[in-house]
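Please have a look at the model first.

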Number of protein chains: 2
Amino acid sequence: MFRVITLQQAHQEIEKQWRHPKKGWIRAEESVGKVLAKDVTARINFPPFDRAAMDGYAVRAEDTFEASEERPVVLRNLGLIKAGEITNRSIYPKTCMRVETGAPMPRKSNAVVPIEFTQEDEVVRVYRSVAVGENVIKKGSRLRKGEKIAEKNQEVSPQLVGAMIAGGVEEVLVFLPPKVGILSTGNELIGLGEKMRKGKIYDINGPMLSCAVKKLGCEAIFLGIAPDRTDILKKKIEEGLKTCDVLLITGGTSAGIGDLLPSSLSPIFHGLAIKPGKPTLFSMLRNKPVFGLPGNPLSAFFVFWELVAPHLMRMCGKQSEPKTVEAVLCQDLVSEKGKEEFIPVKLYREEQELKAKPLRMGSDAITVLRKADGYLDVPLEVERIRAGEKVEVRLFAS
Amino acid sequence: MFRVITLQQAHQEIEKQWRHPKKGWIRAEESVGKVLAKDVTARINFPPFDRAAMDGYAVRAEDTFEASEERPVVLRNLGLIKAGEITNRSIYPKTCMRVETGAPMPRKSNAVVPIEFTQEDEVVRVYRSVAVGENVIKKGSRLRKGEKIAEKNQEVSPQLVGAMIAGGVEEVLVFLPPKVGILSTGNELIGLGEKMRKGKIYDINGPMLSCAVKKLGCEAIFLGIAPDRTDILKKKIEEGLKTCDVLLITGGTSAGIGDLLPSSLSPIFHGLAIKPGKPTLFSMLRNKPVFGLPGNPLSAFFVFWELVAPHLMRMCGKQSEPKTVEAVLCQDLVSEKGKEEFIPVKLYREEQELKAKPLRMGSDAITVLRKADGYLDVPLEVERIRAGEKVEVRLFAS
C-alpha cells in the first residue's frame, strides 16, 4: 500500500515540486527577522546635510586659529539655530552662530566650537581653536545616497532597520514567509476547551503545529478539526488552498478504515522509511504543497521538524542547520534496520561527561518530549549503538 | 550636571526600583516562547481511556494463546468501534470487536490483534497470539492526572504545548512580557514616509527600538515623535504611562538648549560612564520605570542592549546571557579611561584565525552596525588593547 521512500528522497521530491519562494515589498520597520530578497541601497544621504555634532558655535575654523585660553578670539553672534530649524544667514569672517547638536550648519561655516570653550555676552569669546570640519558631521559621511546598506539573503536585525531608515528606505523586498494552513482530522478529536466526552481526545496536533509554524516565523492558519468523511475533508482542503500557501493535514494517512486522505489526494509519495512517521504523504494540489502527517502527535512532531520545517525555512530565505551537541550514550540502543529512527533523549552530566539517555515511547506519546532536550537521528543502516559510544544529539531550539 | 555612575551601578539602581514581573493566565496555545510562572500539572489522564494502538481486533488475550499460523483461533465478531465512538458491548470469551487505531477498548478486552494477523468472513480467524496489554495504550500511561508536565521558569516550546494539551491544560500562568512605550523627541525628527524637509532627519530610534523590543518578545507601543516642548512631552509621557509598563524616551537627555527631559522627570540617575551612551537617565514615574536614552541612534542602540534589554528579559522570566566568540584583535585600540566603551567589530577569518576589526564612528553613526557582527565591551580601566591580543566579541543575535 505504501511506496516507502527515504527522508532524503522525500526532500528531493519536494524540492522538485516546490521551488519558488514568494517575494514581496514590506515596510522596513516590519522586516525584522525576515530575509532580504534584494540588495538595499540608500535613497538619501545620511546625514542629509552638514550637522553640528555638539552644542556650540558654528564658525569659520580659520577665525579660531589664533584662539587660546589667554587670548580668546572675539566673534559676533548672528543668532541661534535649533535642531530641526534652518537659517538663511551665512557666516562671514569674525561672525558665528549658536547651534544645537544636530542643527544644520549655516552657510560658509565649517566647524563647531564646543560650548564649554566659549563665553557669550554681547559677543562670543572663543578660547580654543578648531580645525576645519571639527565637530561637524558632513552630509553623506555616514551613508552616501546609492550606497549599499544590506545584501540579498541577509536577515534583517533591528540595527539594520536603523541603518535603512537613515538611508530613507521605506520598503524592502523580502522573502514572504508562507501562510501555512493546518487541518486536524479524526472522528475522535475535540478541541481543547470543548467538553470532554467518552471516546474522544483533545486535538494536540493542530495547536502544536500552529505553534511550531509560528515559531519558524511563518503564518499559521488553523483550519479546524475535520471528521473522517471524504466530502467534508475535500471541502476543508479546498477552503485551505484558497487562503494558504502550504497545507499540513494530520491524521487519516495510514491504512485504517477511517483513513481517507490518500484517496482524496494524489500523493507524490506516501510512506517514509522513518520511525516514528511512516504514514506520511506529500501531494501538490492547485500547485501548492500539501503534507499529510501522521495523526500520532509524536510522529507528527518529528515529521514536521525533519520533513516540513526545512522547506518552510527555505521559503523564508533561511538555512536550517540543526544545533547539535556530542554526548555519550548511557545505554545500549537497538534500532530497526531500513528505518531512520528519531529517538528523544534527555541530557545530563555525570563525571564531567555529557550523557544522553534515550526516552523511548509509542508514537502517540508526545508527553515524552516534555523531558527531552533533543533527539538522536539513527541512520537507516544502523541497528545498534552501544552504551559508551559518542552520539550527536540534535537540540530542540528552546 | 551629570551624576555619572557605572553601568553596573545603574543596573543595581534599576533592580532596586523595579522588581516584580507581572504574571497572568494565558491560553496554552498562546504560551510558546513565554516562561512559566507556576508548575503545570495534568488535569486529565492521557490517554483518557484504554486505546487501541493499531487497527485490528480487540480480544481477551487469553483466547489467543493457542493461535498459530497453522491453527488459527476462531472468534465471533461483535462489531466495529471506530475512533471517537464508544460501545456498550463487552468482550466475552471467544468473541472480539474490530477496532480502529485510537478507538476505546471495549469492556473486558485487554489486547489488540493487528489486522494483518487476522482473516474475517462470518467469523474472525486469529493467526497469532497476543499478550495481555499488547497493542493497547493504557489510560494514563503517557501522563497521569496530577502529574507534573512542566516547571516554573521553563520556556514553553511547541512540543510542551502538545504535552499540556494531552494533559487537558487550557491555561497556564506565565510571566507577562511588559508593554514598552517608545517616544522619540526632537524638533529635527520626522517620521519615515513624511516628506523630507531641509534641516530634518528621519526618526531612527523609534522604529529601531520598537523592532528590538518586539524581538525580545515584548510588546512595543510607539508613542510617536514629540517636539522639544516640556508641555507636549509631559502630556505624551502621561499618556504613555497609562497604557505601558515601561517607557523608553530617546533624545532630550543631554545638556543642549532643547534638552528638556531631565527637568520633566526626576532622574534616579543621569549620566552613565559608558561610551557611547553617557546622556542616559532613569526615573520611576507612577511606579513605572522610565528610561531616557540618548538621541544619537548608535548610543541609543547600545544603551538599549546593555541597560534596558536585561531588565525587559528579566520581566519575561528569562536570563540574558550574551553570546560571545573569541577573536584576535587586528589593530591597536585606545579606549578612554574611566569609561566602559562599546566598539562595533567586523569578524573575518585570516590564516585559520578569527579576527576582529574595530569599526569606530561617531555616536550618531548607526549605519556602522550594518557591517558589524558584534562588539567589544572595553572595561572602564582598560586604556589600550594591542593588535594580536585575544578579545571576547559579543555577537548580535541574528
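Two residues count as in contact when their C-beta atoms, placed from the backbone, lie within 7 Å. By that rule, 70 residues of chain A are in contact with 70 residues of chain B. This is a predicted model, in which local features need pLDDT of at least 70, side-chain atom pairs count only at pLDDT 80 or more, and totals for chains, interfaces and linings use all residues. Residues are numbered from 1 along each chain as its sequence is written, while chains are lettered from A and ligands numbered from 1 in the order in which they are written.

**The interface**
- On the side of chain A that touches chain B, the elements giving two or more residues are β11 (148-150), α2 (158-166), β15 (201-202), α3 (205-215) and α6 (297-315) of chain A; helices (H or I, at least four residues) and strands (E, at least two) are DSSP runs, numbered from the N terminus.
- α2(A) gives the most to this side, with eight residues.
- 100% of the interface residues of chain A are also interface residues in chain B, so the copies meet through the same surface.

**Symmetry**
- Chain A superposes on chain B by a rotation of 180° with 0.0 Å of shift along its axis (RMSD 0.1 Å), with least-squares fitting on the C-alpha atoms of residues with pLDDT of at least 70 in both copies.
- The two copies are therefore related as by a two-fold rotation axis.
- In chain A, the C-alpha of K215(A) is the one nearest the axis, 6.2 Å from it.
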